[in-house]
Amino acid sequence: MSVAQFLTWLEHSPLGAFTRSLGVWSYGVINLVHILGIILLFGSILILDLRMLGAWRQIPLALLSRPTTRLAQIGLVVALCSGIPMITVKSTDYIGNPFLLIKFPAIALALLNVLLVHRTEAWRAHRVRDLMPSERNRLKIGAALSLTFWLTAITAGRMIGYW
Amino acid sequence: MTLMLRAAFVAALIATPAYAHHGWGGQEEAVTSLTGTVVQGVSMAGPHATMKIKVGGDVWDLTLAPPARAARSGLKEGLIPVGATVTVRGNRNLDHAKHEMKTIYIKQGGSEYHVYPDRE
């Protein structure tokens, strides 16, 4: 199935028909929820990543990591639950839109990076002991990749409407 | 990773002459008037209301106001039936290969819809 075929299928899906039937304010409201989700997701990630990159060293990483990770998870769910119906409204408008092909791979890479960081010894150990320099460096790489992938996804996502 | 960032930045720069559903930048100054038959009635879904009309052999994508504003002009889905003859005025896309127009005004029979009265 090509991207064009998938987008056509998506537009004609029951979710697309349902979302289109929700009235004249629905797109604006769904868009608002999507933005709130992104704010929650990226705002939390930004704090955590900057801390891992060396900002605010007086705040223990273990204190920050739990609430920021949880808020980012909630933000991701909110962004997904609003983004999916939003794209079904007129999916075929996005055929040939190059930003779509930047945004979704960037999200996939960002999530893969989360998975890889959470599997490191450095991530597991940061809650129970001080990290060694090599471990701190591993987290720095993860944080830099995280900011790069999420900023790419957000930039491409915003530009979709301007193509 | 810096490559991705650079790619995103370059992409953002290329996209600066913003149009699609954001503003009038990609449209002509001149107002074009078209008369044709409706092939797809008004849709109130998405960032802007839309409809399609056939003029001669060409199908035109008409971009209307955001749905809530289009509704304030009196438009509703299903109000203008497929096959009806309509006259529309608006600013067509700078790229004449695209039959796309930001629509200011629609007239069907005795009904008039002032979608963007401030632009008339």
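User: Which residue does B:Thr37 stand opposite in E4(B)?

Analyst: In E4(B), B:Thr37 stands opposite B:Thr85. Keep in mind as we go that this is a predicted model.

User: Okay. How many bridges join strand E1 to strand E4 in chain B?

Analyst: Six bridges join them, with E1 covering residues 32–43 and E4 covering residues 85–92 of chain B. The two strands run antiparallel.

User: And how do E4(B) and E5(B) pair?

Analyst: E4(B) and E5(B) pair in the antiparallel sense, over six bridges.

User: Zooming out, what order do the elements of chain B come in?

Analyst: From the N terminus on, the order is α-β-β-β-α-β-β-β. That is two helices and six strands in chain B.

User: How much of chain B is buried?

Analyst: Buried residues make up 28% of its 120 residues. As for contacts in chain B with a separation of 6 or more, 50% of them come from residues 24 or more positions apart.

User: Switching to chain A. What length should helix H5 span, and why?

Analyst: H5(A) has 21 residues (98–118), so at 1.5 Å a residue it should span 30 Å. The end C-alpha atoms of H5(A) are 31 Å apart, which agrees.

User: Which residues of H5(A) are buried?

Analyst: The buried ones in H5(A) are A:Phe99, A:Leu100, A:Ile102, A:Lys103, A:Ala106, A:Ile107, A:Ala110, A:Asn113 and A:Val114. They cover an arc of only 160° around the axis, which puts them on the same side of H5(A).

User: And what's on the other side of H5(A)?

Analyst: There you'll find A:Ala108, A:Leu112 and A:Leu115, which are exposed.

User: Which residues does A:Ala110 contact, leaving aside neighbours within four places in sequence?

Analyst: A:Ala110 is in contact with A:Ser146, A:Phe149, A:Trp150 and A:Ala153.

User: Which residues touch the most other members in the largest nonpolar core?

Analyst: That core has 27 residues, and the ones touching the most other members are A:Leu41, A:Ala106, A:Ala110, A:Phe149, A:Trp150, A:Ala153 and A:Ala156. H3 (26–52), H4 (61–89), H5, H6 (121–125) and H7 (133–159) of chain A each supply at least two residues of this core. H7(A) gives the most, with nine residues. A second, separate core has 24 residues, including B:Met44, B:Ala49, B:Met101 and B:Ile106.

User: Back to the helices. How far does H4(A) reach from its first C-alpha to its last?

Analyst: H4(A) reaches 41 Å with its 29 residues, close to the 42 Å expected at 1.5 Å a residue. Its buried residues include A:Ala72, A:Leu76, A:Ala79 and A:Met86.

User: What do the buried residues of H4(A) pack against?

Analyst: They pack against H1 (3–11), H2 (14–20) and H3 of chain A.

User: Where is A:Trp56 found?

Analyst: A:Trp56 is in the loop between H3 and H4 of chain A. Its phi is near 50°, a positive value in a residue other than glycine. A:Trp56 is exposed, with 11 other C-beta atoms within 10 Å.

User: Last one, where does A:Trp163 lie?

Analyst: A:Trp163 lies in the segment after H7 of chain A. With 17 other C-beta atoms within 10 Å, A:Trp163 is partly exposed. A:Trp163 and A:Phe99 are 64 residues apart along the chain, and their C-alpha atoms are separated by 7.9 Å.

Technical notes
Residues are numbered from 1 along each chain as its sequence is written. Chains are lettered from A and ligands numbered from 1 in the order in which they are written. This is a predicted model: local features need pLDDT of at least 70, side-chain atom pairs count only at pLDDT 80 or more; totals for chains, interfaces and linings use all residues. Helices (H or I, at least four residues) and strands (E, at least two) are DSSP runs, numbered from the N terminus. The expected span of a helix is 1.5 Å times one less than its number of residues. A residue is buried if 20 or more other C-beta atoms lie within 10 Å of its own, exposed if 12 or fewer, and partly exposed in between; C-beta atoms are placed from the backbone. The arc is that of the directions from the helix axis to the C-beta atoms. A nonpolar core is a set of buried Ala, Val, Leu, Ile, Met, Phe, Trp, Tyr and Cys residues joined through C-beta atoms within 7 Å. Two residues are in contact if their C-beta atoms, placed from the backbone, lie within 7 Å. Two strands pair if DSSP finds at least two bridges between them.
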